[in-house]
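Have a go at each task before you read the solution.

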Amino acid sequence: MKEKANIRHYFVDEAGDLTFFDKKGRIIVGQPGASKFFMVGIAQICQPEQVILELAELRTQLCNDPRFKDIPSMQPSAKKTAITFHAKDDHHDVRLEVFKLMQTFEVKIFVAIRCKAELALATQKTYEALSKKINQDDIYDDLVKRLFKDRLHKASANHIVFARRGKTAREEALQQAINQAKKNFETKWQICSDSQTIIKPAYPSEFAGLQVVDYYLWALQRLYERQEEKYFFPLAQKYRMIMDLDDRRNKGYGEWYTDSNLLSLDKLKWVVG
């Protein structure tokens, strides 16, 4: 189904964290409180209005289900599942229902991944050589540029909703990242993209598309961090591209997982084993 008026709707979120060191400067990647990987993902959703309606309907059903009436995350006062779906906070049985529904959505998922052990070493070298720390926002913005480089010329208008990172909207920085993505595409292909791009930072409760990308990232993160396949593989066909930028065994720019190179746990054993 074609997207209305040639407008593409994208929703952007992250998984993992950018904690590398403890207070003494020791690398703690993979230890409690510090993930092994950092991911930024995009959900391109064909009919975001329909997604809003169906997720809202499911939430109402689950909140009225007597099985969940005593679950803390389901209480309105908790401001969690009763307000917005969030894979990390949702009860296991709720999560399964959400995943089941999300498999029916017309959605394409694109993800860029960094191995934090590699980033930590690079951060150490930069600090030792230049006495300069790597800005965490720069890592995030770099992944945004990579993800959108080949996306923005395909529609007359692009509506991009970013999940807020902390208390700041960072609208100007995100606009700069998108503008740079367009420039990088033009430099590579000699094609100028004049599409309109509208950017909006928001909370997941404001845009259901952010709840969708959150769930897809959570499933992929469990595959990378915990070698859990059960959440990822029912959704696998929706992941159109996964860029593992630090797996350079075969190519210097990393490993790209697409239909011609399907992601599997066996291919990840070098990083998760």
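Predicted model: local features only at pLDDT ≥ 70, side-chain atom pairs only at ≥ 80, totals over all residues.

Residues are numbered from 1 along each chain as its sequence is written, and side-chain values use heavy atoms, with hydrogens and water left out.

**Exercise 1.** Find the buried residues of helix α2 (residues 92-102) and say where they sit around the axis.

*Solution.* Start with burial (under 20% relative accessible area, 1.4 Å probe, protein chains only): V94, R95, V98, F99, L101 and M102 pass in α2. They span an arc of only 160° around the axis, so they lie on the same side of α2. Next, look at the cover: it includes α1 (48-63) and α6 (208-226).

**Exercise 2.** Describe how α1 and α2 pack.

*Solution.* First the geometry: the axes come within 11 Å and cross at roughly 155°. The two helices are therefore roughly antiparallel (angles over 145 degrees). Then the contact (heavy atoms within 4.5 Å): E54, L55, L58 and L62 of α1 meet V94, E97, V98, L101 and M102 of α2. Sorted by type, that's 7 nonpolar, no polar and 2 charged residues.

**Exercise 3.** Where is K79, and is K79 buried or exposed?

*Solution.* K79 sits in the loop between α1 and α2. Its phi is positive, about 55°, although K79 is not a glycine. K79 is exposed (over 50%), at a relative accessible area of 64%.

Conventions. Helix = DSSP H or I, 4+ residues; strand = E, 2+ residues; numbered from the N terminus. Arc of directions from axis to C-beta. Axes fitted to C-alpha atoms, helices over the stretch in contact; angles between N-to-C directions. Parallel < 35°, antiparallel > 145°, perpendicular 65-115°, else oblique. Nonpolar A, V, L, I, M, F, W, Y, C, P; charged D, E, K, R; others polar.
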